[in-house]
Amino acid sequence: MADAPIEIEFDHVSITLGATPVLHGLSLRVRRGETKVLLGESGAGKSVALKLAIGLLRPDQGRVMVLGEPVSEMPEAALYRLRRRIGIVFQESALFDSLTVRDNVAYRLDEEHAMDLEAIDARVRACLAAVELEEVMDKFPAELSGGMQRRVAIARALATEPEIMLFDSPTGGLDPITATNIMEQIIRLRDVNQVTSLLVTHRLQDAAMLACYRWDPAQNALRPADDTSAHTSFLVLHEHQAVFDGSGAELNASTNPYVQHFLQG
Amino acid sequence: MATAAPPRGEEEVQWGFIGWLKGQLEGLQAYSLLTGRTFRNVLARPFYGGDTMLQMDSIGVGSLPIVLMTGFFTGAVMALQLSATLAQYGQIQRTGQLVALSIVRELGPVLTGLMVAARNAAGMASELGSMVVTEQVDAMRALGTDPVKKLATPRLLATISMTFSLTIVADLCGLIGGYLYAILALRLDGRQYWYTAMQALGATDMAQGLLKPVVFGIIIATVACYFGMSARGGTRGVGRATTQAVVSASVLIILTDFLLSRVLIGFFGA
């Protein structure tokens with residue numbers, strides 16, 4: 001993992017929205033196949049970091065590189081091409097409410113016109129099966145529960161088999177069973193598909209699950225993992241700056257007062 | 001020599017005004033950029049023909065009943081009002097002429113524009129505003145689609161073509177409304193009504209009457225898309241954007257009608 005190429009890199013990134021500073025001098029690196037978990041209290045700038053990674057926002061200072069491309073400097077038209085290699089799951093799912101689940105998941109495939117209708121339907125079914133939601137294909141988002149919407153959003157992001165996934169609080173506001181189910185999908189993506197991920201959460205349970213489990217393809221189930229086999233690192237944001245960046249074991253051993261306070265809840 | 005500093009209250013008012021002016025100029029700049037991108041995308045691939053047809057159906061078919069009624073009763077009331085004045089000069093037989101000129105040149109395009117603005121600018125601004133505040137527009141960008149191309153350009157094309165078509169329908173209904181009032185209430189000869197109406201209308205009147213709805217269509221679509229896509233602050237922000245879109249589009253239609261009429265009369269003559 002240490003010699004894998006860097007796929008996401010923030011170099012001293014700062015951004016102010018309106019008159020409010022949101023991130024100050026943030027630097028991070030995520031290597032291929034690694035999951036970087038962004039932790040921190042609400043308003044620390046975690047979601048903004050995801051939007052910077054996909055070019056929905058531009059930094060005031062610093063540089064963002066994704067898949068070798070300077071996202072922070074690219075024109076919008078070039079970003080549309082790059083974004084086809086990146087999947088994102090928004091905090092509130094952001095499904096298109098006037099489209100069915102099938103059309104939401106197939107959205108990017110329909111737009112690209114690169115596959116015939118049967119192939120698109122087969123891909124949609126496969127993506128929905130991966131999140132165990134094949135039966136809701138013809139429903140509208142408003143007819144689904146919050147957890148189901150979140151899983152459809154994951155299926156939509158997976159439809160084009162992206163190289164990078166960005167998850168914004170994928171389990172926020174969900175019941176423990178649904179949350180565990182979603183985290184299983186994310187671990188499977190990390191360990192089976194070697195997808196590079198940036199995951200925002202303020203739930204320590206999610207962070208612990210990513211650090212302590214790996215997906216065993218032979219058993220098709222979660223198995224306990226050690227610090228190196230989990231391919232997960234952590235970055236803690238506090239007052240718009242990174243106060244910790246390291247592995248799960250280093251996070252537990254951190255002497256930073258804010259990190260300790262955060263971990264102790 | 002040192003000058004006395006202005007009282008603090010006065011300074012705040014001055015900076016408040018400058019801030020307001022800066023906000024207005026930034027808004028105008030954003031509106032101009034969005035309008036430019038919307039027009040530029042008309043010729044750029046991919047073309048969203050299906051979305052344009054859906055919008056045409058929503059704007060054209062959806063607005064047809066109110067445009068039919070508005071056109072018909074405006075024609076009838078024009079015949080009522082003008083005939084009373086014309087009767088004083090013994091020229092009541094010219095009712096058709098005046099109804100035709102006022103409907104085709106002014107009232108048809110302006111009232112159609114206002115009706116389309118009231119119904120569709122509100123619909124467009126609230127739909128786009130809701131998409132913005134629920135991050136659907138961000139999701140669209142993240143999925144590699146230009147929201148201006150996907151959302152604004154089809155609405156622009158549909159609004160222009162439908163405002164143009166609805167104006168022709170409104171003009172026709174206005175003439176029929178005037179005709180029915182003329183033969184039923186004024187007991188005028190129907191053939192004379194149509195003869196004077198057709199004689200009065202020249203190519204320049206038609207050109208004026210058909211150019212205006214194109215401009216009004218552009219105003220309605222671009223203003224609605226601008227306010228919709230600039231919506232901030234949840235459902236209250238969407239409501240505010242909707243109101244601003246309808247008010248701004250309506251005021252701009254009336255203002256532009258005056259300016260266009262002045263220019264076209266100067267160009268073609270009265």
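A crossing of two helices is called right-handed if the near helix is turned clockwise from the far one by less than a right angle. The legends below describe close-up views of a predicted model.

**View 1. Helices α3(B) and α5(B) cross in the right-handed sense.** The axes of helix α3 (residues 95-133) of chain B and helix α5 (residues 147-184) of chain B come within 7 Å, and they cross at roughly 145°. Counted by class, the contact of α3(B) with α5(B) holds 15 nonpolar, 11 polar and 2 charged residues.

**View 2. Chain B is built from 8 helices and 0 strands.** Followed along the sequence, the elements of chain B give the pattern α-α-α-α-α-α-α-α, and the C-alpha trace of the chain spans about 75 × 65 × 35 Å along its principal axes. Of the 270 residues of chain B, 41% count as buried. Among contacts in chain B between residues at least 6 apart in sequence, 88% join residues that are at least 24 apart.

**View 3. The largest nonpolar core has 139 residues.** The residues with the most contacts inside this core are A53(A), A155(A) and L166(A) together with A121(B), I220(B), A224(B) and A249(B), while the element that gives the most to the core is α3(B), with 17 residues. Once its neighbours within four places in sequence are left aside, A53(A) is in contact with I8(A), V64(A), V66(A), V71(A), L166(A) and L198(A).

**View 4. The contact between the chains draws 13 residues from chain A and 11 residues from chain B.** On the side of chain A that touches chain B, helices α2 (76-83) and α4 (107-112) of chain A each supply at least two residues, and the largest share, 3 residues, comes from α4(A). By class, this side of chain A has 8 nonpolar and 5 charged residues, with no polar ones.

**View 5. An open sheet of 4 strands in chain A runs in the order β2-β1-β4-β5, with antiparallel pairing.** Strands β2 (20-31) and β5 (69-70) of chain A stand at the edges with a single partner strand each, so one side of each is left without a neighbour in the sheet. Strand β1 (residues 6-17) of chain A pairs with β2(A) in the antiparallel sense over 8 bridges, and T16(A) stands opposite P21(A) in β2(A).

**View 6. An open sheet of 6 strands in chain A has the order β6-β7-β8-β3-β11-β12, with mixed pairing.** The edge strands of this sheet are β6 (86-89) and β12 of chain A, each of which pairs on one side only, and the twist averages 15° from one strand to the next. Strand β3 (residues 35-40) of chain A pairs with β11(A) in the parallel sense over 6 bridges, with F234(A) in β11(A) as the bridge partner of V37(A). Helix α7 (residues 176-192) of chain A lies across β3, β7 (164-168) and β8 (196-200) of chain A, and the helix runs at about 155° to β8(A).

**View 7. Strands β11(A) and β12(A) form a hairpin with 2 residues between the strands.** Strand β11 (residues 232-238) of chain A and strand β12 (residues 241-247) of chain A pair in the antiparallel sense over 6 bridges, and H238(A) stands opposite Q241(A) in β12(A). Within this hairpin, E239(A) takes a positive phi near 50°.

How values were computed. Residues are numbered from 1 along each chain as its sequence is written. Chains are lettered from A and ligands numbered from 1 in the order in which they are written. This is a predicted model: local features need pLDDT of at least 70, side-chain atom pairs count only at pLDDT 80 or more; totals for chains, interfaces and linings use all residues. Two strands pair if DSSP finds at least two bridges between them. Two residues are in contact if their C-beta atoms, placed from the backbone, lie within 7 Å. Ala, Val, Leu, Ile, Met, Phe, Trp, Tyr, Cys and Pro count as nonpolar, Asp, Glu, Lys and Arg as charged, and the others, Gly among them, as polar. Axes are lines fitted to C-alpha atoms, for helices over the stretch in contact, and angles run from 0 to 180 degrees between N-to-C directions. A nonpolar core is a set of buried Ala, Val, Leu, Ile, Met, Phe, Trp, Tyr and Cys residues joined through C-beta atoms within 7 Å. A residue is buried if 20 or more other C-beta atoms lie within 10 Å of its own, exposed if 12 or fewer, and partly exposed in between; C-beta atoms are placed from the backbone.
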